[in-house]
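Subject: Structure handover

Hi,

Here is the structure I promised to pass on to you. My notes on what turned up follow below it.

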Amino acid sequence: MAIRKSKKTPPTPAVEDVTQEATPSETVENAHAEAISSAPAEVAESAATATESTATETTGPKTLSVDIGGSGVKLMVLDENGKPLTERARQDTPQPAKPQPIVDVIVALANSQTVGFDRISVGFPGVVHGGVVYTAPNLDPDWRGYDLAGTLSQILGKPTRVANDADVQGFGAIEGKGLELVLTLGTGLGSALFIDGRLVPNLELAHHPFRNDCTYEEQLGRIALDKAGKKKWNKRVRKAIELLARIINYRALYIGGGNAKKLQGDLPTNVSTVSNEAGILGGIALWRY
Ligand code: BGC
């Protein structure tokens with residue numbers, strides 16, 4: 001199987017509506033300055049170790065890049081070129097996965113970073129417009145209408161942009177040439193389409209019919225993998241690849257997400273897997289325009 005490393009400098013998003021920004025209120029203090037001791041011990045420890053080993057001096061703006069998933073909330077600080085300055089910090093996604101507890105986790109993890117940051121990017125597992133969440137199929141219905149960009153910007157005191165998680169992952173994976181499709185295999189099924197590096201935002205294959213009266217997510221998501229087992233699930237992934245190749249005629253397909261590593265056997269030559277870290281590294285692209 002071809003394994004590609006995710007790109008360090010994702011292409012510039014050229015579609016205005018792709019990213020959503022909220023400017024922090026001037027009266028809000030920077031919560032990042034709060035003591036690291038307020039973060040969970042395991043988080044503070046991992047961030048401190050990471051920072052010692054990877055931090056380097058940079059002069060440009062630093063980005064706190066956050067990836068909200070159905071099973072974990074992950075983040076790291078990137079330099080102006082998208083290079084990680086800290087190792088990935090992670091905490092389980094609180095259950096029920098309502099807005100407030102997830103925001104609390106992000107704030108605790110953010111405050112545990114010993115490298116400061118100037119702005120925030122977030123990949124969210126649902127449809128996002130203008131920093132506001134429209135759908136969150138694998139989290140909680142309470143997310144509908146939640147102003148995630150505005151909330152984080154207020155609490156952490158930094159401008160914040162939010163986009164769909166697969167869109168962000170895509171920016172960390174694509175080459176920026178021709179038609180490129182990205183699928184993420186995790187709790188849900190993420191999809192993102194790019195034309196010469198320009199994103200077609202919020203492409204939602206997940207809930208579209210696939211086969212046997214089931215949607216792509218019902219056949220390829222985490223629950224389906226657990227239920228059907230690796231062998232059957234691998235067959236289904238291949239069927240989806242064949243079908244999407246015929247419908248979309250992409251030049252290249254990148255498969256990421258936590259379950260991409262469970263793919264077995266050879267893939268077509270224009271299909272490759274990418275590290276799940278692309279979900280965070282792509283966050284820098286939300287600020288490149
Ligand atoms: C959501 C997508 C998301 C994907 C992966 C799906 O259920 O509809 O927006 O990208 O899960 O998290």
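Leaving aside its neighbours within four places in sequence, which residues is V182 in contact with? They are A166, Q169, G170, A173, I174, S191, A192, Y254 and G256, where contact means C-beta atoms, placed from the backbone, within 7 Å.

Two points before the rest. The model is predicted, so local features need pLDDT of at least 70 and side-chain atom pairs count only at pLDDT 80 or more, while totals for chains, interfaces and linings use all residues. Numbering starts from 1 along each chain as its sequence is written.

V182 also belongs to the largest nonpolar core, which has 72 residues. Such a core is a set of buried Ala, Val, Leu, Ile, Met, Phe, Trp, Tyr and Cys residues joined through C-beta atoms within 7 Å. Buried means 20 or more other C-beta atoms within 10 Å of the residue's own, exposed means 12 or fewer, and partly exposed is in between. Together with V182, the members touching the most others are L75, I106, V122, L148, L152 and I255. Domain 1 (3–168 + 280–287) and domain 2 (175–276) each give this core at least three residues; the bounds come from an automatic or database domain assignment.

Next, the secondary structure, taken from DSSP runs numbered from the N terminus (helices: H or I, at least four residues; strands: E, at least two). Strand 9 (residues 160–164) has 5 of its 5 residues buried, so the rest of the structure largely encloses it. Strand 6 (residues 119–124) runs parallel to strand 9 and is joined to it by 5 bridges (pairing takes at least two DSSP bridges), with V122 opposite V162. In helix 3 (residues 148–156), 7 of the 9 residues are buried, L148 and L152 among them.

Of the 17 residues around the ligand, P125, P137, G188, G190 and A206 come nearest, a residue being near if its C-beta atom, placed from the backbone, lies within 6 Å. Helix 4 (165–171) and strand 11 (189–195) each supply at least two residues of the shell.

Lastly, some backbone details to look at. Most residues other than glycine have a negative phi, and most peptide bonds are trans. The bond joining Q95 and P96 is cis, with omega about -5°. N212 has a positive phi near 50°, and N249 has one near 55°.

Best wishes

Definitions and conventions:
Two residues are in contact if their C-beta atoms, placed from the backbone, lie within 7 Å.
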